Amino acid sequence: MAGSLIGRLLGCDDKGRLMGRGVYHRGGPPRKLGACLFRLFRETYKGDLESMLQAVVDAHPAGWNDLEKQDCYCHTRGAGVKGYELRDLEWAAQMDCHWAYLFAFENGEPIMVVAHRMARWSSAFLEPLEEWWAAVGIVPLNGDEPDWKSIELAGYKRYADAYYAVHNKPSS
Ligand SMILES: [Zn+2]
């Protein structure tokens, strides 16, 4: 099942591509998981990003079935914590994750980078030649709540544009 990664932004590699590390969440498009994380930061953790990341990411290394319901694989689903480690974006792509929610400070202000998996396709194969993650929304966590649906659509569109740039567009 498609999923997401929730974690810390570690910067960019030498190609300018995002690097991050965190935990898996089942499903999790921006209108659900982005909104949930934004609310957690503002309401539950009162703007304390490090406390939130310790509680949401570090304490649940096996990941989440549903963060909103506090339903995780390690504790409520019995997978345990031992042996699990935080994972990177490359792992998330292999796990068929589509979204990543990566937290950082930018000029001292907490931000959440919403990223979508991207792929470069060959016309001959159905498998992507190369995959990486691109930011489709940068959310200042102390600012107004963004329009999650438009962030979500931007992610789907960028992914689809790369696909249809190589494969024929369906006639509409
Ligand atoms: Zn847990």
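A residue is called buried when its relative accessible area is under 20%, exposed when it is over 50%, and partly exposed in between, using a 1.4 Å probe and protein chains only. Take Lys46: its relative accessible area is 69%, so Lys46 is exposed.

The model is predicted: local features need pLDDT of at least 70, side-chain atom pairs count only at pLDDT 80 or more, and totals for chains, interfaces and linings use all residues. Residues are numbered from 1 along each chain as its sequence is written, and side-chain values use heavy atoms, leaving out hydrogens and water.

Stay with Lys46 for a moment. It sits in the loop between H1 and H2. Helices (H or I, at least four residues) and strands (E, at least two) are DSSP runs, numbered from the N terminus. The phi of Lys46 is near 45°, a positive value in a residue other than glycine. Most residues other than glycine have a negative phi. Asp96 also has a positive phi, near 65°. Asp96 lies in the loop between helix H3 (89-94) and S6. With 34% relative accessibility, Asp96 is partly exposed.

Now move on to H2. At its start, a side-chain oxygen of Asp48 comes to within 3.4 Å of the backbone nitrogen of Glu50. Which residues of H2 are buried? They are Leu49, Met52, Leu53, Val56 and Val57. Viewed down the axis of H2, these buried residues fall within an arc of 95°, so they line one face of the helix. The arc is taken from the directions that run from the helix axis to the C-beta atoms. The buried residues of H2 pack against strand S1 (3-12), strand S2 (18-26), helix H1 (30-44), S3, strand S6 (97-106) and strand S7 (109-121).

Next comes the interior. A nonpolar core is a set of buried Ala, Val, Leu, Ile, Met, Phe, Trp, Tyr and Cys residues joined through side-chain atoms within 4.5 Å. The largest one has 31 residues. Ile6, Leu37, Leu67, Phe103, Met112 and Val114 touch the most other members. H1, H2, S6, S7, S8 and helix H4 (148-164) each supply at least two residues of this core. H1 gives the most, with seven residues. Apart from this core lies another, of 15 residues, with Tyr24, Ala92, Ala93 and Ala100 among them. Contact means heavy atoms within 4.5 Å. Leaving out residues up to four places away in sequence, Leu37 touches Ile6, Met52, Leu67, Tyr101, Phe103 and Met112.

Then look at the metal. What coordinates the zinc ion? His60 (ND1), Cys72 (SG), Cys74 (SG) and His75 (ND1) do, at 1.9 to 2.3 Å. Donors are N, O and S atoms within 2.8 Å of the metal (3.2 Å for Na, K and Ca); water is not among the atoms, so sites may look incomplete. The angles among the four donor atoms are 101 to 119°, and the site is tetrahedral. Along the chain, the donors follow the spacing H-x11-C-x1-C-H. His60 lies in the loop between helix H2 (49-58) and strand S3 (64-66), and His75 in the loop between strand S4 (71-72) and strand S5 (87-88), so the pair ties together parts that are 15 residues apart in sequence. His60 is buried, at 12% relative accessible area. His75 is partly exposed, at 46%.

Asn65 is in strand S3. Its relative accessibility is 12%, so Asn65 counts as buried. The side chains of Asn65 and Tyr73 are joined by a polar contact of 3.2 Å. A polar contact is a pair of N or O atoms within 3.5 Å; within protein, one must be able to donate a hydrogen and the other to accept it, and residues adjacent in sequence count only if both atoms are side-chain atoms. Not counting residues up to four places away in sequence, Asn65 touches His25, Arg26, Asp71, Cys72, Tyr73 and Arg77.

Two more residues complete the tour. Glu130 is in strand S8 (residues 128-140). Its side chain makes a polar contact of 2.8 Å with the side chain of Arg17. Tyr163 is in helix H4. At 24% relative accessibility, Tyr163 is partly exposed. Leaving aside neighbours within four places in sequence, Tyr163 is in contact with Trp121 and Leu126. Tyr163 and Ser123 are 40 residues apart along the chain, and their C-alpha atoms are separated by 9.2 Å.

Methods: Tetrahedral: all angles 85-135°; square planar, octahedral: opposite > 155°, others 65-115°.
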